[in-house]
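Okay, thanks for coming, everyone. Let me put the model up and we'll walk through a couple of spots.

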Amino acid sequence: LRRNGQQPLFFTTGRLNSLPDWCQAAHHLLLDCPPQIQLARLQSRAWPAARIDEALADAAALRDQIAPRVDTSALNPAAVAAAISRWATRQATDPTG
């Protein structure tokens, strides 16, 4: 990855402070929605209550850690993908913004 000159894009629920050795920098984008929408979405997928509680807690913690975000509450998957693409393009051209 270092030699090919391409900027990889990874999607993860992993910890923010655990970067692989080959990764020199990481930029984070939070895909987010209000907790009540997240709850309804997870319940509609028949997630167990304990898993839902964990997901809601993780989302709350990430809101405190990641400023750039996409509010997915009213977006379809294509619109979310477009927002991610715009953000990634901005990061590739200006990593500070």
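So, where does Asp32 lie? Asp32 is in strand 1, and strands here are DSSP E runs of at least two residues, helices H or I runs of at least four, both numbered from the N terminus. Quick housekeeping: this is a predicted model, where local features need pLDDT of at least 70, side-chain atom pairs count only at pLDDT 80 or more, and totals for chains, interfaces and linings use all residues. Residues are numbered from 1 along each chain as its sequence is written, and side-chain values use heavy atoms, with hydrogens and water left out.

Back to Asp32: its relative accessible area is 10%, so Asp32 is buried (under 20%; exposed is over 50%, partly exposed in between, with a 1.4 Å probe and protein chains only). Its side chain meets that of Arg63 in a salt bridge, 2.8 Å from N to O; the rule is a Lys or Arg side-chain nitrogen within 4 Å of an Asp or Glu carboxyl oxygen. That rule gives a count of 1. The partners sit 31 residues apart, with Arg63 in helix 2 (residues 49-65). Arg63 is partly exposed, at 22%.

Now helix 3, residues 77-93. Which of its residues are buried? Val80, Ala83, Ile84, Trp87 and Gln91.

Definitions and conventions
Expected span 1.5 Å × (residues − 1).
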